[in-house]
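Reader: I'm still new to reading structures like this one. Could you pick one part, look at it closely, and begin with any term I'll need along the way?

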Amino acid sequence: LSTRGNRHDRPRIGIMGGTFDPIHNGHLVAASEVAWVYDLDEVIFVPTGRPVFKLDKKVTNAEDRYLMTVIATASNPKFTVSRVDIDRPGVTYTIDTLRDIRERHPDAELFFITGADAVAEIMQWKDAESMWELAHFVAVTRPGYSSPDGVQPPAGSVDTLEIPALAISSTDVRRRAAHGEPVWYLVPDGVVQYIGKHGLYT
Ligand code: ATP
Ligand code: MG
């Protein structure tokens, strides 16, 4: 899968799905590393609508999460943001994300990017079997999470990529913001300012 330096006939597109509540530098490093190692032409960040694994939790409204994602990615020419998940009514399933992106990029090779913790969830995702045909999966290392035991995805369907460790989570950023603790350098400057301006997480 990792084919840096080879010639590619098809556009290679990464998909970075997440709640992004808020987006932080761990997400950005993950996307940047996978883009580099897999020679991607573009990484599409896809903020979720109603994340299926967070139905019991309160999530910031989609428009704020979308705008923070746009602000955080604006300076990178390879990074774009898609509204497919937030514009689709109902709960977000990754299979629908993949189908929507595939429809918009029929000739592309797709690479779905997740952290090590999300791999554990993949196996429970709706229509997990058909997802392997729609995209390659790249699981990046994440401090504090190891690859799951138990149910394993089909051999060869998920690549693991070691990336520089950033022990940052949106949960911790929200907690810090709520307590008035600093979030500088955990999230991009524009996101720090957006959180302050709109009084998010207080
Ligand atoms: P929360 O704490 O609210 O769950 P999060 O930090 O886990 O937020 P998500 O939006 O849930 O962020 O994650 C989106 C994707 O990014 C997931 O695949 C997750 O595993 C991955 N990811 C998040 N933080 C990191 C990190 N620090 N390093 C590597 N991958 C990460
Ligand atoms: Mg998470």
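Author: Helices here are DSSP runs of H or I at least four residues long, strands are runs of E at least two long, and both are numbered from the N terminus. By that naming, Gln193 lies in helix H8, which covers residues 189-198. Is Gln193 buried or exposed? It counts as exposed because it has 12 C-beta neighbours inside 10 Å, and exposed goes up to 12 or fewer. Arg176 sits 17 residues away from Gln193 along the chain, and their C-alpha atoms are 14 Å apart.

Before we go on, keep in mind that this is a predicted model. The protein's mean pLDDT is 92, with 95% of its residues at 70 or more. For the complex, the predictor gives an ipTM of 0.99 and a pTM of 0.95.

Of the 18 residues around it, Gly18, Gly26, Gly115, Ser170 and Thr171 come nearest. Sorted by type, the shell has six nonpolar residues, nine polar ones and three charged ones. Which elements supply them? Helix H1 (25-37), strand S6, helix H5 (116-122) and helix H7 (170-178) each give at least two residues. H1 has the largest share, with three.

So H1 deserves a moment. It has 13 residues, and at 1.5 Å a residue they should span 18 Å; the end C-alpha atoms are 18 Å apart, so the two agree. Gly26, His27, Leu28, Ala30, Ala31, Val34 and Ala35 of H1 are buried. Here's a handy rule for reading a list like that: an α-helix has 3.6 residues a turn, so residues three or four places apart point the same way. After H1 comes Asp39, which has a positive phi, near 60 degrees.

The strand in the shell, S6, spans residues 109-115 and is mostly covered, with five of its seven residues buried. What does S6 pair with? One partner is strand S1 (residues 12-18): five bridges join the two, and they run parallel. In that pairing, Ile13 has Leu110 of S6 as its bridge partner. Strand S7 (residues 136-140) is also joined to S6 by five bridges, again parallel. There, Phe112 stands opposite Phe137 in S7.

Definitions and conventions: Residues are numbered from 1 along each chain as its sequence is written. Chains are lettered from A and ligands numbered from 1 in the order in which they are written. This is a predicted model: local features need pLDDT of at least 70, side-chain atom pairs count only at pLDDT 80 or more; totals for chains, interfaces and linings use all residues. A residue is buried if 20 or more other C-beta atoms lie within 10 Å of its own, exposed if 12 or fewer, and partly exposed in between; C-beta atoms are placed from the backbone. Two strands pair if DSSP finds at least two bridges between them. A residue is near a molecule or strand if its C-beta atom, placed from the backbone, lies within 6 Å of it. Ala, Val, Leu, Ile, Met, Phe, Trp, Tyr, Cys and Pro count as nonpolar, Asp, Glu, Lys and Arg as charged, and the others, Gly among them, as polar. pLDDT is the predictor's confidence in each residue, from 0 to 100. The expected span of a helix is 1.5 Å times one less than its number of residues.
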